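Hi,

Here is the structure I promised to pass on. Have a look at it first, and then read my notes below.

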Amino acid sequence: MTNRLSCALAALLLFACGAKHEHVAEHPASAPAAHGHGHGHGHGHDDPEALRKLMGAMLVDMVQVRGGIANGDLTTAARHASAVAKACEHSGPPPADTKAYGERFAEFDRTLHASAAKLAGQAEAGDGDGAKKTYEAVISACVGCHGQAPLAMEVDLSALQEPL
Ligand code: HEC
């Protein structure tokens, strides 16, 4: 039941996000030349398309984390929380374009990594209450970064913010 809801939620959110791609294309997002981080290393914060893919994947992972916690399936929650933690670990330096990505991008990136890793540990240890609390910290990192990044301000994560 809850799983079916989670899928619908993910589809809805992805649909909402898809709608803003055109808008995003108007911003020649990062300015890679300025700081010497070229294109083409496949993933990273300075590659706008890779960043969006990573975000989409994190959304799906967080829907799974949420569902796992809600259903008492902490193994699933742990697996997906650790995917989120690893996603930021491998994402390279913050984008140089602070007008689009915000001044505090790196800070929220670190907070997200730390809280997702903590959640994974708690879920692995079977601490559902702890995982539930940390879930909120993870979502505040998502929402915090989006709130300071003009490019991300319209991303709607409200479904993930509903009380668990
Ligand atoms: C460090 C900053 C930062 C953090 C933390 C962050 N985001 Fe994002 N997110 C962004 C930026 C910037 C964009 C806009 C990217 C673009 O449009 O080029 C974005 C876009 C998105 C999108 C839209 C992607 C698309 O296809 O247009 C989704 C969905 C998303 N984020 C989900 C999440 C979730 C879920 C979390 C937490 C697990 C999260 N984000 C954490 C910065 C962040």
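Of the chain's 164 residues, 33% are buried, meaning that 20 or more other C-beta atoms, placed from the backbone, lie within 10 Å of the residue's own. Bear in mind that this is a predicted model: local features need pLDDT of at least 70, side-chain atom pairs count only at pLDDT 80 or more, and totals for chains, interfaces and linings use all residues. Residue numbers start from 1 along each chain as its sequence is written.

The chain has nine helices and zero strands (DSSP runs numbered from the N terminus: H or I of at least four residues for helices, E of at least two for strands).

Now for the ligand. Of the 28 residues around it, Arg-52, Met-55, Cys-142, Cys-145 and Ala-152 come nearest; a residue counts here if its C-beta atom, placed from the backbone, lies within 6 Å. Helices α4, α7 (105–124) and α8 each give at least two residues to that shell, and α4 has the largest share, with eight.

Two of these helices also pack together: α4 (residues 48–71) and α8 (residues 128–148) have axes 10 Å apart, at an angle of about 150°. The axes are lines fitted to C-alpha atoms over the stretch in contact, with angles from 0 to 180 degrees between N-to-C directions. The pair is therefore roughly antiparallel, the word for angles over 145 degrees. Where they meet, Met-62, Val-65, Arg-66 and Ile-69 in α4 face residues of α8 including Ala-131 and Tyr-135 (contact means C-beta atoms, placed from the backbone, within 7 Å).

Cheers

Note on methods
Angles under 35 degrees count as roughly parallel, over 145 as roughly antiparallel, 65 to 115 as roughly perpendicular and the rest as oblique. Two residues are in contact if their C-beta atoms, placed from the backbone, lie within 7 Å. A residue is buried if 20 or more other C-beta atoms lie within 10 Å of its own, exposed if 12 or fewer, and partly exposed in between; C-beta atoms are placed from the backbone.
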